[in-house]
Every structure is written in structure tokens, then in C-alpha cells.
Amino acid sequence: MRRLTAKPESSDGTLVKNAPGCALLFDLRSKRMLRVHGGVEASEWLAAPGSTVKPLSLWALLRAGRVKPDESIPCPHYLQLAGLTMNCSHPQLPFPVNITRAITYSCNCATAHFAKRFTGDELARFYAELGFESATRLLPRGEAAGHIQKGISGERLQLQALGERGVRVTALEVAQAYRHLANLVYEPKFQPILEGMEGAVQFGTGRAAQVRGTAVAGKTGSVQTEPGLHAAWFAGFAPSRAPEVVVTVLTQGRSGAEAAAPIAGELLRGYFSEGKP
Ligand SMILES: [Zn+2]
């Protein structure tokens, strides 16, 4: 199994992470891969994408006019969906949560609340439109295709909007979806989603992906794939307002904040400090 290493910006070169998985950094416009670790894992591992889909599912609702940027609810913190405990892990928030804050603080309660507005297979179709069931051709090799469950409703659909159940994807497919988001940054309607992803890296769970002098937009994800196995995600792009590169990390680890975001940060800091090829 290929090993990934990452060190936080503040370290003096001491390796603090060693985890199996994959990490990708590619040029937004040309789709040329600039850094690839674990190409096999990126193409073949299928995992629930977890909270990396919050910007996607909330964008689907915003784009369709199902939710307004200024709509908000107080987060009750506790959430049970179809027998799964999905309590929020963010600290108590002294303000109600709109879609921007739902992304920044990774609020399950607010995202699940807004996700009740999906009808039929609307979300499944949106995921398919993003390429969650298609080969990305981001790497010159064969790829597994993700799976999106159709015909679900109620709490199972809410779990699908949280990326927890009913959707399994490769890291390449998440990278492709974030490429799509990076191409939306100039659309006025997309700004609440972009601000949420910037906030996630500025003061949410994606802090370890920060780059000095460059704003990063991104989102972590943490899911239990089977008993005892945890997938940790980070997906994002930078600079957030004029994206050049897309980064995606999928590794084994209990949280995207601790296991995946530091690796994404290492790739991004390498790109922005070592000069662009
Ligand atoms: Zn919450």
C-alpha cells in the first residue's frame, strides 16, 4: 500500500502523518495531473463521500431555488436519520445556520433540514450530472464507477444529501465534482456556497489545508466505511476566487480534519511556494 505523508506548515520537517490512500492535485483548465499519490486507490476505492458533498447538495437546492441564502435554522445538534446517529460535531453555535454556515461548520442538522426539499430522484440526477457514475479520465487508467441509489425518499434521501448513505464514489469522481464547483466561482448565485467552503478552511474543519497568502475553498468528510474502517476526505480548490488547481485526498483516518486536510495542505503549499510548472 502506498504511503502518504504530510506535515503542517508549522513543522520543521517532522513527518506527522502516515496513512494509506490517495492524493491528487491537478490543473483546473488543462486537467493535467500535477501530483498523484495512490493512483490505483484514487481510481478503484469506492467510499461514501461524507460531508464533501454538502457544498454539492446545498448547491443543487440553491440552484433550483429550493433554499434561499438567508434562510436559517437554529442547530439542534442532535440528529437521528434512519437509525443512524448523525449528531453535529461542531461546537454550539450562537447563531442560526444558513447554507453558508452549514458548509463552514459542517452542520448535519441544517443540511438535513434543507435536504427534505429534494423531490423524487432530483438529488440522484444531480450527482449523476456531476459524474458520480462516470469515468473521469483524469488519470490514464481504468476506473471504477461510483454508485448512486435511486428511488429513495425521506430520511434515506437526507442521508444521501449528507453523503453518508446511498452514494459511493471514487476520489477521482469527487475531484471531478470539485472541478465543476471551481468553474462556478464567478457566478453570483454560487457565492453563498463558495463562502461556506472558504470558511471551512479559514475556521472550520479544513484549517490544516490553509496556504499562507492564498485563500483555499474546500470541505472535509469523515465516514465509517465498515466496522473499524474510517475514510477521511478533503476536496477543494485554490485560489478560491480564481481557481488554478483542484485537490482531493482520500485516506484512512478518523477525521478529514486530522487525516486528509493536512495532506491537501501539503500539496497546495507545495504548488504555491515551489512555483507553478
Ligand atoms: Zn449543526
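Buried residues are those under 20% relative accessible area, exposed ones are over 50%, and partly exposed ones lie in between (1.4 Å probe, protein chains only). The model is predicted: local features need pLDDT of at least 70, side-chain atom pairs count only at pLDDT 80 or more, and totals for chains, interfaces and linings use all residues. Residues are numbered from 1 along each chain as its sequence is written, and side-chain values use heavy atoms, with hydrogens and water left out.

**Figure 1. The residue Q191 in helix α8.** Q191 lies in helix α8, which spans residues 191-203; helices (H or I, at least four residues) and strands (E, at least two) are DSSP runs, numbered from the N terminus. With a relative accessible area of 17%, Q191 is buried. Its side chain reaches the backbone oxygen of E187 at 2.9 Å. Leaving aside residues up to four places away in sequence, Q191 touches V185, Y186 and R241, where contact means heavy atoms within 4.5 Å.

**Figure 2. Strands β8 and β9.** Strand β8 (residues 217-226) and β9 run antiparallel and are joined by nine bridges; two strands pair if DSSP finds at least two bridges between them. Within this pairing, W233 in β9 stands opposite G221. The hairpin of β8 and β9 has two residues between the strands, and G228 takes a positive phi near 85° there.

**Figure 3. Strands β9 and β10.** Eight bridges pair β9 with strand β10 (residues 245-252) in the antiparallel sense. G236 has V247 in β10 as its bridge partner. Six residues lie between β9 and β10 in the hairpin that they form.

**Figure 4. The surroundings of strand β9.** Strand β9 covers residues 229-238, and nine of its 10 residues are buried, so the strand is largely enclosed by the rest of the structure. Its antiparallel partners include β8 and β10.

**Figure 5. The whole chain, for orientation.** The chain has nine helices and 10 strands. Its radius of gyration is 17 Å, close to the 19 Å that the globule rule gives for 277 residues, so the chain is as compact as a globular protein of that length. This radius is taken over C-alpha atoms, and the globule rule is 2.2 Å times the number of residues to the power 0.38. Along the principal axes, the C-alpha atoms fill a box of roughly 45 × 40 × 35 Å. Of the 277 residues, 57% are buried. Among contacts with a separation of 6 or more, 67% are between residues 24 or more positions apart.

Conventions. Polar contact = N/O pair within 3.5 Å; in protein donor to acceptor, adjacent residues only side chain to side chain.
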